[in-house]
Amino acid sequence: MQVVRAALLLASVRFLQAAASGIADQYPHFNRSGFAIRAKAFPDAAQLAEFRRSGLMKLSGALSPDVVKALRRHLNEVLWAKERKHRPAVQLQITTPGGFALNASMLLPRAPSSLRRKTYRLPRIHELPGPSPWKRLIYDFRLIRLVTQLTGDLPRRIYSLVFERGTQQGIHDDTWYELGSERPGGMIGVWFALEDVDDENGALFYVPGSHKRPEVILNPKGTVRRQRLALPVRPDGPPALQRQAYKAVVDEVEQQPLEKRPIHVQTGDVVVWAERLLHGGLPILNKDRTRLSMVVQYVCCIP
Ligand SMILES: O=C(O)CCC(=O)C(=O)O
C-alpha cells in the first residue's frame, strides 16, 4: 500500500513539475477548464492493483452524460453533417473482421451516409483543427495526469480512433501496430464507451495477464523498441502482406491456451489497458446495433 502511495505521489509531483514547465505548450489543446473526466472515477489502490495484475481496469461512470452527449452530437451533426461539403476532412477507413489492414479509405466529405451501417473507423480525431469535444476529452487534465501516473511520464505521442460499430478486430497487442513506447509499459490504451456494450454489439475482449508475456522481436530490422515489436509490414504496407504477417504472429500466440474475457460496459465507462495486453473486438451479433466508442493510445517515453 505504501509503495502504491509513494508511486502516486511521485507521479503527481512529476505531473505538476511538467505542468509548471510548459505542458500547455506541448498540448495546445490542453483542457484545463471544466474537466471531462469525473474525479470520482479515478482508480483506487484495488483498481490499480488489478491493472498491474490483469493489464486492464474499468473506470465506471468516468464520463458525465453531458460529455457523452456532446461527442454524439458532434459525430451526428458535424462529422456526419447532412451536407457533405460541411463535413471536416477526416479520414474514414472501412474495416473488416480480423487483423487490421488498410483497405478502403476516403475523406468524410466524400463518404455516403450509408457507410455508417458498415464497420468503419475515424483515425486521428485529436488532430481535427479547432476546438471539439473529442479534443477536450483526449487532452483532459485529469486524464493526462492518470496517464502520467500509469506510465511514469507525460504522453509524447497520441493516436486516436473513433468507431461507430463494434470493430470485430482480431486478437492483437497494440505494439504490433507500432504503438509501443521505448520503455516497457510506457504506453496505455484508453477506451471510452459512448454507448452500452454487451454480447450483441461487439464487446471488447482481453486476455488477462497477457501484457506480462515475454517480448518477441517481430521486426529485427527495427532500430528502436517501437519498431522491433511491430509486425514486419508497416500498417500502411500491402494489405496481403499485412494479413500474412498478422496470421503468423497470431498463430504463434494462440499456441498457448488463451482466456478471452469479454468486457461489458455502460455508456460513460472508460477502460484502460496496458501496453502489450492482448485484446480485440468480439463479433457483432445484432447488426442493427451501433457501439459508439473511441480509443486513444498515449505513448510516453519516446525521445
Ligand atoms: O474497440 C475495439 O473493439 C477494439 C479496439 C482495439 O483493439 C484497438 O484499437 O487497439
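Biologist: How do the residues of the shell around the ligand divide into nonpolar, polar and charged?
Modeller: In this predicted model, the shell has four nonpolar, eight polar and one charged. Ala, Val, Leu, Ile, Met, Phe, Trp, Tyr, Cys and Pro count as nonpolar, Asp, Glu, Lys and Arg as charged, and the others, Gly among them, as polar.

Biologist: And which come nearest to the ligand?
Modeller: Of the 13 residues around the ligand, that's Thr 167, Gln 169, Leu 204, Gly 281 and Val 295. Near means a C-beta atom, placed from the backbone, within 6 Å. Numbering runs from 1 along each chain as its sequence is written.

Biologist: Which element gives the most to that shell?
Modeller: E10, with three residues. Strands are DSSP E runs of at least two residues, helices H or I runs of at least four, numbered from the N terminus.

Biologist: Switching to the sheet: what's the strand order?
Modeller: E1-E9-E6-E11-E5-E4-E2-E3, an open sheet of eight strands with antiparallel pairing. Pairing takes at least two DSSP bridges between two strands. The edge strands are E1 (56-59) and E3 (105-107), each pairing on one side only.

Biologist: What about E2 and E3, how many bridges?
Modeller: Three, in the antiparallel sense, with E2 covering residues 91-94. Gln 93 stands opposite Ser 105 in E3.

Biologist: Which strands does helix H6 touch?
Modeller: H6 (residues 141-151) packs on the sheet, touching E5, E6 and E11. Contact means C-beta atoms, placed from the backbone, within 7 Å.

How values were computed. This is a predicted model: local features need pLDDT of at least 70, side-chain atom pairs count only at pLDDT 80 or more; totals for chains, interfaces and linings use all residues. Two residues are in contact if their C-beta atoms, placed from the backbone, lie within 7 Å. Axes are lines fitted to C-alpha atoms, for helices over the stretch in contact, and angles run from 0 to 180 degrees between N-to-C directions.
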